[in-house]
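Subject: Structure handover and notes

Hi,

Here's the structure I promised to pass on. Have a look at it first, then read on for what turned up.

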Amino acid sequence: MIQVYIGLGSNLVNPIAQIDKAIDTLQHHQHVNHLLVSKIYGSKPVGPQDQPDYVNAVACFQTSLKPIELLDELQAIEQAHSRIRERHWGPRTLDLDLLLYGQETISSPRLTVPHSFMLERGFVMKPLNDIAPDILLSNGNTVSKQLTLLDTSDLVFIKER
């Protein structure tokens, strides 16, 4: 079993319900054990600003799935939520990003772990800090230290999960 962290995001079709439903799906997934979920936050979109604000969270769990198998499962959950990829950083019903897969570094055409932009995104680091403040990141900082380097003023607490 390996410990993984995923980012959850949504800004279409009742985003809070999308995140809640995705978390429920993960809780009942046969390859997900010991699920832990951060608080849920609202944030401004990255990229095009002509879209609604996002709802974000981070989940941690143990799995026996290999990285690409896990990616396939996460993308299947996105598809079950009618995910459409219209444009880069565009609006979506559900986005599930594999942030960390144990301590592994993965660079393939389909998957990059640690997630390429996680260190610079407050909407990832703040919820990650809720559940794993002491994890050592690829840049040598802990999550809690990295969070102090980011502007999170646009984040709004929505609810506990």
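How many of the 10 residues of helix H3 (residues 122–131) are buried? The count is 7, so H3 is largely enclosed by the rest of the structure. "Buried" here means under 20% relative accessible area, "exposed" means over 50%, and "partly exposed" is anything in between (1.4 Å probe, protein chains only). The buried ones in H3 are Gly122, Val124, Met125, Pro127, Leu128, Asn129 and Ile131. Their cover includes E1, E2, E3, E4, E5 and helix H4 (143–148), where contact means heavy atoms within 4.5 Å.

Some housekeeping before the rest. This is a predicted model, so local features need pLDDT of at least 70 and side-chain atom pairs count only at pLDDT 80 or more, while totals for chains, interfaces and linings use all residues. Residues are numbered from 1 along each chain as its sequence is written, and side-chain values use heavy atoms, with hydrogens and water left out.

**Overall picture**

The protein chain has 4 helices and 8 strands, taken as DSSP runs (H or I of at least four residues for helices, E of at least two for strands) and numbered from the N terminus. Along the sequence they come in the order β-α-β-β-β-α-β-β-β-α-α-β.

For 161 residues, a compact globule would have a radius of gyration near 15 Å, and the chain agrees because its own value is 15 Å. That radius is taken over C-alpha atoms, and the globule rule is 2.2 Å times the number of residues to the power 0.38. Along the principal axes, the C-alpha atoms fill a box of roughly 40 × 35 × 30 Å.

Buried residues make up 47% of the 161. Among contacts with a separation of 6 or more, 66% are between residues 24 or more positions apart. The accessible surface is about 8,100 Å², and 51% of it belongs to carbon and sulfur atoms; areas come from the Shrake-Rupley method with a 1.4 Å probe, and for residues only the protein chains shown count as cover.

His81 sits in the loop between H2 and E5 and counts as buried because its relative accessibility is 5%. Setting aside neighbours within four places in sequence, His81 touches Gln18, Lys21, Ala22, Thr93 and Leu94.

**Around E5**

Pro91 belongs to the loop between helix H2 (67–80) and strand E5 (95–101). With 23% relative accessibility, Pro91 counts as partly exposed. Asp95 lies in strand E5 and is buried, at 13%. The side chain of Asp95 makes a polar contact of 3.0 Å with the side chain of Arg92.

**The aromatic pair**

What aromatic pairing does the structure hold? There is 1 pair. The ring centres of Tyr41 and Phe157 are 6.4 Å apart with planes at 75 degrees, so the pair is edge-to-face. The rule: rings of Phe, Tyr and Trp (its six-membered ring) pair if their centres lie within 6.5 Å, with planes under 30 degrees apart counted as stacked, over 60 as edge-to-face and the rest as tilted. Tyr41 is in strand E3 (residues 40–43) and Phe157 in strand E8 (residues 156–159), so the pair links distant parts of the chain, 116 residues apart. Tyr41 is buried at 5% relative accessibility, whereas Phe157 is partly exposed at 45%.

**Ser64**

Ser64 is in the loop between E4 and H2 and is partly exposed, at 46%. Not counting residues up to four places away in sequence, Ser64 touches Met1 and His31.

Cheers

How values were computed
Polar contact = N/O pair within 3.5 Å; in protein donor to acceptor, adjacent residues only side chain to side chain.
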